Amino acid sequence: MTDTLKITDDVLPKFPKHVKFKYNKPRDEWVILAPERLVKLDMVAVEILKLVDGEKSVKNISIELSQKFNAPKDIILKDVTDMLQDLSDKGFIEENG
Amino acid sequence: MDDLKQNNLKTASEHGIQAPLALLAELSHRCPLQCPYCSNPVQLEKKTGELTTDEWKSVIDQAVEMGMHQIHLSGGEPTVRHDLEDIVEHCSKTGLYTNLITSGVLLNPERLNKLESLGLEHVQLSFQDTDNDNADRIGGFKGGHAKKLEVAKWVRDVDLPLTCNCVVHRQNINNLDNFIKMALDLDAERVEIAQVQYYGWALKNRAAFIPTPEQLDHATEIVEKARVDLKGKLVIDYVIPDYYAKHPKNCMGGWGRRFLNMNPKGEVLPCHAAETIPHLKFDNVRDHSLKWIWENSEAFNLYRGTDWMPDPCKSCDRKEIDWGGCRCQAMALTGDAKNTDPACSISPLHNEIFDMAAEEARNAPPEFIYRKYNVRFNSPI
Ligand code: SF4
Ligand code: SF4
């Protein structure tokens, strides 16, 4: 692992190689899989993580979501930042580059 | 036959239990090491009885159909199997998150490279100590530790994430700091610091392993500090020996609730130590589907839920939190798997057993009884 990542607007979040964000068909659920870890995700988290690709910045992810769900940009940006920070502290998100 | 219920016990779905999350696949009990705390049963399975490649592939397909997320390829030493590559490839094709739990000593760079390219996602490498000589003594394998350090580098060279599995006990707990440092030096993502759990081989060696409460408190302090200092850099998982916990661990997330374990000959167990409960009858994937076994197998249904519990668990408000602790430990220490796990401070046997273990911890450690085939020991209890 590299150093602690601070999630800011310009960060390009991505999943580390060993972390898989996946849909499990028989269970009909989205999960994050990592060594000895399994995180079940709610719909909000799934919508955010579907946009995490290492190309889009935190800010752009938030803008896209705020348009899609017709919600205030600053609130969404805060939610996205908090969630990604939490996942990053747990080692499930890293920065591209 | 598959549609017949085996007995009158409630099944998984009648308990409201969903499909398991992960499969622990013991590909082989064979292992070049002889750790005296090995979780394998004291009666080890020989090569001739092991499932074939195709049988494992079928099990993997079934696990995916059931909705399992992860597979842990373990042992013994899973790399003794020459078809490990085929098995990894199959797991990865079907979308299972594939983890290899290994002692590493049989690996080489070419093989790791191949496994990575076939879709292996993570390697868990076991370490016996950070001190070279002591590590080799504990594992009973000369040159083992040096080889492991090399293997860890190869793992990172092919960009596979690494977890260092460190089993700590009174004979290496003073190196806890060094274990964490080693994990950082080896560029591991995660370090798992587990105290020995006492059943199977480890119970035979409890006196050689059990730390004193002071040693344990010190260890816990080190881990807590490191967790803060290394947040976001290194994940530290820590399991304390439940002899010193107030309540037992929530063993496997409850008997037959989340995981299943398969032994090398295809028997399906609720936990890796379940073979230490002599009256359990295990069903085999050679006779039934995995799904049928999860739903109906007596070994699972006997201790599912809470109906089977005697007091004090029965009337305890934690019974759906820790599910009465570990059945194997209850069996090993009280002679009845149904009893409250004596690790629980509420167990009537807790003090007696706790005192005995604490006494052992104060005395000089005895020699190890090494994990081997075809040796029989008298139980120390
Ligand atoms: S604990 Fe030791 S002896 Fe047992 S399987 Fe692991 S490496 Fe082999
Ligand atoms: S009495 Fe049983 S249910 Fe209650 S805490 Fe102890 S082990 Fe858990």
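Reader: Which residue in β9(B) is the bridge partner of B:Asn261?

Author: That's B:Leu269. Before we go on: this is a predicted model, where local features need pLDDT of at least 70, side-chain atom pairs count only at pLDDT 80 or more, and totals for chains, interfaces and linings use all residues. Residues are numbered from 1 along each chain as its sequence is written, while chains are lettered from A and ligands numbered from 1 in the order in which they are written.

Reader: What makes β8(B) and β9(B) a pair?

Author: Two strands pair if DSSP finds at least two bridges between them. β8(B) and strand β9 (residues 268–269) of chain B have 2 bridges, in the antiparallel sense, so they pass the cut-off. Strands here are DSSP runs of E with at least two residues, helices are runs of H or I with at least four, and both are numbered from the N terminus. The hairpin of β8(B) and β9(B) has 5 residues between the strands, and there B:Gly266 takes a positive phi near 100 degrees.

Reader: What is the sense of the pairing between β1 and β8(B)?

Author: Parallel: strand β1 (residues 22–28) of chain B joins β8(B) over 4 bridges. B:Ala22 sits opposite B:Phe259 of β8(B).

Reader: Why are both faces of strand β8 of chain B called covered?

Author: In a regular strand, side chains alternate between the two faces of the sheet. In β8 (residues 259–262), B:Phe259 and B:Asn261 are on one side, B:Leu260 and B:Met262 on the other, and all are buried.

Reader: Which residues come nearest to ligand 2?

Author: B:Cys313, B:Cys316, B:Arg318, B:Cys344 and B:Ile346, out of the 14 around ligand 2. Being near takes a C-beta atom, placed from the backbone, within 6 Å.

Conventions:
A residue is buried if 20 or more other C-beta atoms lie within 10 Å of its own, exposed if 12 or fewer, and partly exposed in between; C-beta atoms are placed from the backbone.
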